[in-house]
Structure formats: C-alpha cells, structure tokens
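Here is a short report on one protein chain. Please read it alongside the sequence and the model.

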Amino acid sequence: MSEPRDDLLWRPYTQMKTAAPPLRAARTQGSRIVLEDGRELVDGIASWWTACHGYNHPHIRQAVAAQLDAMPHVMFGGLTHAPAEDLARRLAALLPGDLDHVFFSDSGSVAVEVALKAAAQVWLNRGVAGRSRFAAFRGGYHGDTMGAMSVCDPEEGMHRRFGRYLPEQLFFDLPDTRARETAVDAGLARHRDTLAGVIVEPLVQGAGGMRMHPPEVLATVARLARRHGLILILDEVFTGFGRTGTLFACEQAGVVPDLICLSKALTGGTLPLAATVATAEIFAAFWSDDPAAALMHGPTFMANPLACAAANASLDLFAREPRLAQANRIAAQLEEGLAPLRGRPGIRDVRVLGAIGAVQLVPPTDLAGMKAAFLERGAWVRPFGDIVYLTPALTIPEEDLARLTGAMREILGAA
C-alpha cells in the first residue's frame with residue numbers, strides 16, 4: 001500500500017508550502033479526538049463550535065442511520081419531506097417572535113448570503129431601487145463567500161486582500177459608548193436611501209477575535225435599525241444553540257430580528273446544514289403572483305433529509321437534556337480556570353461568556369509554538385491571531401475542561 005499523500009488536499013486558511021503536516025484523526029468520542037498514532041486529545045473547540053453535544057452522540061447517530069435507510073436525499077425543488085417540515089416547525093417554535101419562515105442551505109456563509117440577498121430583494125419587490133448596501137461592524141466575521149466577505153471587518157479581517165472585488169459596505173464601531181451610538185445613528189441617517197439592512201453578530205464577534213459585548217449594545221443596534229427603517233439581520237451561526245448560555249444570543253437582549261442566520265451546531269456537528277429564518281413581514285414581500293418576486297436561490301443539497309434528521313435529533317437533546325445549564329456550568333469553570341491569567345505579563349484581556357473563553361495576548365505571538373505545547377498536554381486548541389480560545393462541547397466533563405484551562409494557564413502564563 002502506498003503512503004498517503006497530504007499534498008493532494010488543499011487545506012483551509014493554510015499556506016500549504018510551509019505548513020506542518022496535519023494530524024491524522026482516527027475516531028472521536030464525547031469530547032475526545034483519537035489520532036491514528038493512538039494519542040487522545042481533549043477537543044477545546046468542538047470542531048469549530050459545531051459538536052455541541054460532543055462527538056458520536058447515540059441519539060443523533062441513530063436518527064441519521066434510520067434516515068439513511070429511508071431516504072438519504074431528494075431535491076427540494078418540487079418535492080418536500082417530513083424531516084425538513086418537522087425541523088422548520090420546531091425552529092419556528094423555538095425562535096423568538098414571528099421568525100417563522102425557514103430557508104435551508106448547507107453552510108453558515110450561504111445562510112448569510114441568503115439573508116443579504118433576501119434583504120436586498122425585499123426593497124426591489126416593494127418597488128424601491130438603489131437600496132443594496134449593508135451596514136456592518138468592525139471586528140465582525142460573517143463567512144468566506146463573496147457577499148459574506150463584504151460585511152466582514154474590512155481592515156483587520158482575514159479577507160482584507162479581496163477588498164477591491166467586494167461590494168462596498170458601510171462599517172461602524174459597535175455602539176458601546178454614547179459617542180459611537182451617535183456615530184452609527186448619523187451614518188445610518190446619511191446613507192439610509194442606499195442601505196438595505198444592518199447585520200451584526202449578537203453578543204460575540206466570533207472568528208473576528210472573540211470580541212464580546214453586552215446585550216445592551218445589541219439592543220442599541222436593533223433600535224437604530226428600526227429607527228431608520230432598515231432590515232435587521234442577526235448572524236447567530238456561532239452563537240446559536242446554547243453557546244452563550246441561552247438557546248439564541250438575541251434572547252438576552254429581547255431582540256427579534258427580521259432575518260436570523262443559523263448553522264454550526266444546528267446538527268450537533270454531524271452534517272452540514274444551515275438556515276436563514278425570516279419574519280412574516282419579510283416573507284410577505286416575496287408572496288406574489290409575479291414569478292420574478294420569488295427568492296431566487298436554491299442550493300442543490302437544500303434541506304438534505306440526513307442533515308434535517310440530525311438537526312431534529314439535536315433539538316431533541318436540547319429539549320430533554322440540560323444543555324443551557326451545562327453551558328452556564330462551563331462559564332463558571334472557564335471563569336475560575338482562566339481568571340489567574342488576568343493581569344499577567346503578555347496577557348491583554350481574558351473574556352468569558354457562556355461556553356466561550358478567550359485570552360487575548362500582546363503581540364507578537366508564537367502560534368506554532370503554542371499549538372505544539374497544547375498538543376504535548378493532550379489538548380486540541382487552535383490559537384489564531386492574538387486569541388487563544390475555548391469553545392468546548394456543552395457536554396464536556398469537568399475533568400476534561402480542567403485539563404484545557406490548566407494547559408492555558410501553564411502555556412500562556414509562561415509565554
């Protein structure tokens with residue numbers, strides 16, 4: 001048998017010429033990743049925040065196996081099926097307000113694309129031209145596709161090199177002070193006739209640096225969007241499904257958006273699936289006898305039955321197991337475990353919200369050295385930029401989380 005060739009695989013966010021060889025994963029269980037060489041790692045990031053119930057949960061596995069026997073996939077154009085119908089009904093029941101109209105896709109980036117397209121088309125369907133831009137916030141991250149990239153942080157974000165190719169959007173600092181609130185208010189007023197909507201990550205700007213803001217800031221964004229008649233889009237791809245201690249982060253601010261984007265933990269980290277959910281008012285703009293007024297979007301694997309079955313099983317677990325209590329238990333343990341790093345040399349900030357813990361370092365940082373040090377301690381932690389973070393499974397045992405926070409104290413304290 002020939003040796004495996006990793007150079008055939010083009011890896012995410014990786015300079016392939018200089019990157020160290022990736023680790024070869026063999027299996028997963030609970031909060032652990034087992035490598036082919038036998039090493040066992042405690043996963044501190046739940047596979048980019050998706051595996052909220054831990055890996056290989058038997059209830060999700062059984063639901064997917066049963067759906068595989070019955071029907072792995074059919075196109076969603078002209079056909080429907082019970083897994084998608086059930087999931088849409090359950091999401092509508094769980095989401096706040098009248099977020100009742102569910103459009104399925106297969107990734108968080110596409111969920112954002114659908115929201116941006118829908119918001120822009122609302123104005124076209126209403127007979128209003130020229131309102132195609134969006135207001136977004138510095139430090140934000142919304143995905144890798146072209147529309148989603150255009151509303152990511154334009155200066156510090158990972159997509160800044162693409163600026164000349166992207167639609168030009170309007171950016172503000174989050175309104176966490178009176179002066180910034182005034183600036184956002186004035187900017188929205190000045191550009192209102194060109195803006196379709198406002199997009200924001202509620203409570204936590206995730207991949208942009210784990211920047212956290214209180215619910216009052218989100219409430220201010222929502223109030224300003226309403227004041228200027230703009231469509232409010234909440235990107236809960238990262239924060240949705242218990243990550244911040246409530247099922248959806250927007251609940252903590254009492255905000256009901258016009259459109260909400262969901263993905264990541266939607267299927268418990270089992271299969272790709274995303275949803276863009278609209279209120280009745282937004283959906284009404286597409287309800288017409290004119291075929292051109294339909295939302296012109298349709299991913300090939302939209303509402304994939306296997307993924308919908310996994311998502312329904314994941315919602316079962318949220319209904320019958322104490323996931324939100326577990327998230328708040330994790331928050332307390334993260335706070336206790338990371339607090340000793342506050343004020344240490346080289347540490348700029350320590351932040352905890354729900355099942356998210358982030359330590360911000362003073363640059364420059366030795367990312368490769370830190371990753372190797374975490375591996376030596378049996379921890380799967382992936383620092384980026386000046387951030388070292390933990391977003392573990394909501395089911396992580398206390399001893400596994402203690403290993404992660406202990407490794408953070410030891411490595412970052414020494415650094």
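## A buried aspartate and its partner

At 5% relative accessibility, aspartate 400 counts as buried. Buried means under 20% relative accessible area, exposed means over 50%, and partly exposed lies in between (1.4 Å probe, protein chains only). This is a predicted model, in which local features need pLDDT of at least 70, side-chain atom pairs count only at pLDDT 80 or more, and totals for chains, interfaces and linings use all residues. Residues are numbered from 1 along each chain as its sequence is written, and side-chain values use heavy atoms, leaving out hydrogens and water.

Aspartate 400 forms a salt bridge with the side chain of arginine 32, at 2.7 Å from N to O. The pair links distant parts of the chain: aspartate 400 sits in helix 12 and arginine 32 in strand 2 (residues 32-35), 368 residues apart. A salt bridge here is a side-chain nitrogen of Lys or Arg within 4 Å of a carboxyl oxygen of Asp or Glu. Helices (H or I, at least four residues) and strands (E, at least two) are DSSP runs, numbered from the N terminus.

## Other salt bridges

The structure holds 18 salt bridges. Side chains of opposite charge can pair when their charged atoms come close. Aspartate 37 pairs with arginine 39, with the closest N and O atoms 2.9 Å apart. Arginine 39 is partly exposed, at 37% relative accessible area.

Arginine 89 and aspartate 86 form another salt bridge, with 3.7 Å between the closest N and O atoms. Both residues lie in helix 3 (residues 82-94), three residues apart, about one turn of the helix. Arginine 89 is exposed at 53%, while aspartate 86 is partly exposed at 31%. Elsewhere, Arg138, Asp173, Asp176 and Arg180 are linked in a network of salt bridges.

## Two domains

The domain assignment gives domain 1 (25-56 + 323-413) and domain 2 (58-320). Such bounds come from an automatic or database domain assignment. The two centres, taken over C-alpha atoms, are 27 Å apart. Contact joins 26 residues of domain 1 to 26 residues of domain 2, where contact means heavy atoms within 4.5 Å.

Domain 1 and domain 2 bury about 2,100 Å² between them, 68% of it on carbon and sulfur atoms. In domain 1, Trp49, His53 and Leu353 lose the most area to domain 2, together 30% of what that side buries. Buried area is the accessible area (1.4 Å probe) that two parts lose on being put together, summed over both. How many salt bridges does the rule find across the interface of domain 1 and domain 2? The count there is zero.

## Lysine 264

The UniProt annotation, from an unreviewed entry, marks Lys264 as "modified residue: N6-(pyridoxal phosphate)lysine". UniProt positions are given in the numbering used here, feature names are shortened, and annotations may be inferred rather than shown by experiment.

Lysine 264 lies in the loop between strand 11 (259-262) and strand 12 (274-279). It is partly exposed, with a relative accessible area of 26%. Leaving aside residues up to four places away in sequence, lysine 264 touches Trp48, Trp49, Thr50, Val237, Phe238 and Gly269.

Helix 4 (residues 108-125) has 18 residues and reaches 25 Å from first to last C-alpha, close to the 26 Å expected at 1.5 Å a residue. The expected span is 1.5 Å times one less than the number of residues. Just after helix 4, glycine 127 takes a positive phi of about 85°.

Helix 10 (residues 323-338) has 16 residues and reaches 22 Å, close to the 22 Å expected. Its buried residues include Ile330, Leu334 and Leu338. The buried residues of helix 10 pack against helix 9 (305-320), strand 13 (347-353), strand 14 (356-361), strand 16 (387-390) and helix 12 (398-414).

## Backbone exceptions

Most residues other than glycine have a negative phi, and most peptide bonds are trans. Leucine 203 has a positive phi of about 75° although it is not a glycine. Leucine 203 lies in the loop between strand 7 (195-200) and strand 8 (204-205), and is buried at 1%. Methionine 210, also not a glycine, has a positive phi of about 50°. Methionine 210 lies in the loop between strand 8 and strand 9 (211-212), and is buried at 0%.

A cis peptide bond joins proline 363 and proline 364, with omega about 0°. Proline 364 lies in the loop between strand 14 and helix 11 (367-376).
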